[in-house]
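Open the model in your viewer and keep the selection tool ready. The tour below goes from one selection to the next.

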Amino acid sequence: MKTITEPERKTPVVEDMDVIVAGGGISGVAAAVAAARSGADVLLVERNGFLGGVATAGLMASIGNRFFADGGRLVVRGIALETVERLVDRGGTSAGWRSPLVPKIPFDPEVFKLILLEMVDEADVRLYLHTIVADAVVSGGGVKGLILESKSGREVVLGKAVVDATGDADVAARAGAPFSYEPPGSNSLEFRMANVDLQKTYEYFKEEPERYPSDVDAPRSFEEFERNWLENGFFYYPHGGGRKPGSNIAILVERALERGDFSKDMGIITGLDAFGMDGLAWNNTVIINSNFSRIDDLDVREASKAEVAARKACFYIAEFLRKYVPGFERAFIVETAPNLGVRVTRRIKGEYTLTKEERDKSAKFDDVIGVGSTGFPGTPFEIPYRCIIPKGMEGLLVASGKSASTEPRGLLRGMTHCILLGQAAGTATALAAKTATLPREVNIKELQRTLLKQDVYLGDEDRLRELGLLPQV
Ligand SMILES: Cc1cc2nc3c(=O)[nH]c(=O)nc-3n(C[C@H](O)[C@H](O)[C@H](O)COP(=O)(O)OP(=O)(O)OC[C@H]3O[C@@H](n4cnc5c(N)ncnc54)[C@H](O)[C@@H]3O)c2cc1C
């Protein structure tokens, strides 16, 4: 490939912080807020003009309810719980979410943008929006800061510790930390339709409840869907339900195919019949998760083509819904997601790799920094600190569940787990800055005690005793 040599230049250093967080998705917000609440000076850098990442820019406005485990015990608390409660207080979702019988928590993405900004603001986090993290400043085997590009030019920010919450492990990759990346991944461009008569759609599904798709995704039965619609105003259609033979929407897809009104793929888009839906009764809107492309998401040329194809596909799908699905007759697209929703790209090679087997058998780790849940509700499992520490790289932690060291990749990519990791990464880097240690060398008991004070759940009393976090009886 032809190359040029860029001239050497002097780049101004514009900040010298305790902690810098790259990426303002839910992981990055949790990291920045946790670090600032732990007393650190924090800078949060985000390429969009608002916060939330996939949850807002990707319009994936529905949190998988992995708050509960063991038949109803609330195991995910801390900033994750606070975030959903703030959504409730602002009218962004229903208070009825507080139940293990709720599979997903749909929310209003505009309210979500607002509460994330409020949290960051209240914690006194310095915020750079519209700013790309272009490179890492590395010296002596550690990350010392970031090189930023924005309308203000190319600038350097220095930090005692850096959190990579870009979701693509951009900082880790630029810094030279080990990672793996196995394209193609998958992405979807979500869109939101307004003026949907969701009650009518519910009544249509009720005519043949056995046709409501089960066991493809949450919710897993018509009864689960109906209860949530009637009690909480949450509307769901399981992702992939539109291609389950004999399901309510699959039948309509077949009819449209016969008439030449629908196709199952469009150019590089596949899975037009996926039809994941998350809606809210009180504003008659529904978010549609219904197109996939499988590309190298880190190749800007492929990603650009996918974006064009997906934007066209949204209108194509909306036309089908208007014409065929009862309740959608007068619906219209009120918003397409600003960004393609990318599921997973790079994951770091961490000091430890958490496996699915360990998750499923609730393996125990002395360096536990959070407890997740496998489902709705599921089994609790511990997340070790070492899976967010890049192997052999100092000064850096990753906060996104998309890029943590797990097998398979993306094991922790659900939103609750991303927030958990963010809170732990932020608290750890603040502690490292305060005690002038490297993040990998922070006193793990001190980190765990600080997380407990922040209402993070690390286990029941017996487990806390075992970990030495409660006195023996
Ligand atoms: C289509 C789809 C459907 C999903 N469905 C669900 C679901 O139903 N329930 C659920 O719980 N989870 C779901 N997920 C997973 C979940 O939404 C995401 O994994 C999670 O929101 C990721 O949050 P994050 O903050 O770690 O990363 P991201 O949301 O990717 O945030 C990264 C942030 O960093 C910014 N950024 C990236 N690179 C740079 C850079 N170089 N410089 C500056 N800023 C940068 C981005 O703009 C973004 O704001 C879904 C994901 C997708 C894509």
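This is a predicted model: local features need pLDDT of at least 70, side-chain atom pairs count only at pLDDT 80 or more; totals for chains, interfaces and linings use all residues.

Residues are numbered from 1 along each chain as its sequence is written. Helices are DSSP runs of H or I with at least four residues, strands are runs of E with at least two, and both are numbered from the N terminus.

Select residues 444-453 to see helix 11; its axis lies 10 Å from that of helix 10, at an angle of about 125°. Axes are lines fitted to C-alpha atoms, for helices over the stretch in contact, and angles run from 0 to 180 degrees between N-to-C directions. The angle therefore makes helix 10 oblique to helix 11 (under 35 degrees is roughly parallel, over 145 roughly antiparallel, 65 to 115 roughly perpendicular, and the rest oblique). Show Ala-424, Thr-427, Ala-428 and Leu-431 on helix 10, which make the contact with Glu-446, Leu-447, Thr-450 and Leu-451 on helix 11 (contact means C-beta atoms, placed from the backbone, within 7 Å).

Next select residues 26-37, helix 1, and residues 109-122, helix 3. Their axes are 9 Å apart and the packing angle is about 25°, which means that helix 1 is roughly parallel to helix 3. This crossing is left-handed. Val-29, Ala-32 and Val-33 of helix 1 meet Leu-116, Met-119 and Val-120 of helix 3.

**Stop three: the ligand**

Now select the ligand: 40 residues surround it, and the closest are Gly-23, Gly-25, Gly-53, Gly-167 and Ser-400 (a residue counts if its C-beta atom, placed from the backbone, lies within 6 Å). Elements giving two or more residues to this shell include helix 1, strand 8 (132-139) and helix 10 (415-435). Domain 1 and domain 2 each supply at least three residues to the shell.

**Stop four: the domains**

Colour domain 1 (13-181 + 346-466) and domain 2 (187-342) separately; these bounds come from an automatic or database domain assignment. How far apart do the C-alpha centres of domain 1 and domain 2 lie? They lie 29 Å apart. At the boundary, 20 residues of domain 1 are in contact with 24 residues of domain 2.

Conventions:
A crossing is left-handed if the near helix is turned anticlockwise from the far one by less than a right angle, and right-handed if clockwise. Two residues are in contact if their C-beta atoms, placed from the backbone, lie within 7 Å.
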